[in-house]
Amino acid sequence: METTKYALSGKKIWVAGHRGMVGAALMRRLEKENCTLLCATQDELDLRRQDQVEGWIKKNKPDCIFLAAAKVGGIWANNTYPAAFLYDNLMMEANIIHAAYINKVEKLLFLGSSCIYPRMAAQPMKEEALLSGPLEQTNEWYALAKIAGIKMCQAYRRQYGCNFIAAMPTNLFGAGDNYDPEGGHVVASLIQKAHKAKQSGAPSMELWGTGSPLREFLYVDDLADALVFLMENYDGEPHINVGSGLEYTILQLAKTIAKTVGFEGDFLFDDSKPDGTPRKLMDSSRMHAMGWRAPTSLEDGLKVAYQWFLDHKAS
Ligand code: GDP
């Protein structure tokens, strides 16, 4: 596989989406590098507005960009706000990628998601599974926008020679997650529910669906490390999967979270809520072949995530 060293030392780096869970983890990770970090809040810069994005990049002149800005949400939010997931994500990525090209940004890393793969893709999912079958319906809007972002990176590389790369993280969790019980992903939602149930002395807590879907979970600070690794070492056209290889049923996850939080009750299943994709495990062998592996266990990552929840969200 093609590799080129792109040292971040001395670079001006823009983390687009620095207040999101991934962006904040990237900021923490990049503080260890000798680089200048740029960021802009949503009030300063609406990434959905082409003129604002082009003006900001022209003025601030980043050498490289981590495109971690996205409208994200769990299974319920994706299913409920299809237009917002499609429009916001398409606009943000199109504006940033095109402006990076016009302004001769040296390198850009775009972040996708494991939901870009077909619902029934062979497991573990290899990068080649992209566009080989129908998408999972609960998040196809988000997935389509992310697929467009991957293809933009490839198209700008082919037509204009831009060094734009793309990484596909598996399901993420960690500090700074979205703890909204309806809009968030499963780890944050279950931490919140287990904490509440423990506090109120409830005999049980509720899980959506059947508890049987399989998901792989990656601690967000591990992802940030992987993204820095890719920015420095990877220069190819194909997108790269970033997973942990750690796979659990939702019920196993719930039990591990209950243990972390100290909730000792039972689980009830709300089968009016969807299960989504039956299994979502990434094949991260390309990443492994380059020499990177996720170092953090689910248990250790959950401890940090729960502590962050206690410090910032618990009442
Ligand atoms: P997905 O990976 O795109 O399906 O997104 P999620 O992280 O939102 O959901 C993962 C799985 O966890 C799905 O099977 C959900 O039905 C299940 N799940 C169980 N309880 C919850 C919950 O309280 N919140 C969320 N978001 N998912 C839950």
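Which of the 18 residues around the ligand come nearest?

Analyst: Some ground rules come first. This is a predicted model, in which local features need pLDDT of at least 70 and side-chain atom pairs count only at pLDDT 80 or more, while totals for chains, interfaces and linings use all residues. Residues are numbered from 1 along each chain as its sequence is written, and side-chain values use heavy atoms, with hydrogens and water left out.

Now the ligand. I75, K193, R215, P274 and D275 come nearest among the 18 residues around it. A residue is near a molecule if one of its heavy atoms lies within 4 Å of it.

Next, the polar contacts (a polar contact is a pair of N or O atoms within 3.5 Å; within protein, one must be able to donate a hydrogen and the other to accept it, and residues adjacent in sequence count only if both atoms are side-chain atoms). The side chain of N171 has an N or O atom 3.0 Å from an oxygen atom of the ligand. S189 has a polar side-chain atom 3.3 Å from a nitrogen atom of the ligand. For K280, a polar side-chain atom lies 3.1 Å from an oxygen atom of the ligand.

How much of the ligand is covered? Taken alone, the ligand exposes 530 Å², and the protein buries 98% of that. Such areas come from the Shrake-Rupley method with a 1.4 Å probe; for residues, only the protein chains shown count as cover.

Two elements give two or more residues to the shell around the ligand: α6 (186-200) and β7 (204-208). Helix α6 gives the most, with 4 residues. Helices (H or I, at least four residues) and strands (E, at least two) are DSSP runs, numbered from the N terminus.

The shell residues divide into 8 nonpolar, 6 polar and 4 charged. Here Ala, Val, Leu, Ile, Met, Phe, Trp, Tyr, Cys and Pro count as nonpolar, Asp, Glu, Lys and Arg as charged, and the others, Gly among them, as polar.

Now look at the aromatic rings. The structure holds 11 aromatic pairs. Rings of Phe, Tyr and Trp (its six-membered ring) pair if their centres lie within 6.5 Å; planes under 30 degrees apart count as stacked, over 60 as edge-to-face and the rest as tilted.

Take F85 and Y142. Their pair is edge-to-face, 6.1 Å centre to centre with 80° between the planes. F85 lies in helix α4 (residues 82-102) and Y142 in helix α5 (residues 140-160), so the pair ties together parts 57 residues apart in sequence. F85 is buried at 1% relative accessibility, and Y142 is buried at 10%. Buried means under 20% relative accessible area, exposed over 50%, and partly exposed in between (1.4 Å probe, protein chains only).

Y101 and Y156 also pair. Their ring centres are 5.6 Å apart and their planes are at 75°, so this pair is edge-to-face. Y101 lies in helix α4 and Y156 in helix α5, so the pair ties together parts 55 residues apart in sequence. Y101 is partly exposed, at 27% relative accessible area, whereas Y156 is buried, at 12%.

Go back to F85. The charged end of K71 sits over its ring, 5.4 Å from the centre. For this, NZ of Lys or CZ of Arg must be within 6 Å of the ring centre and within 35 degrees of the ring normal.

One more ring group remains. Ring pairs link Y179, Y306, W308 and F309 into a cluster.
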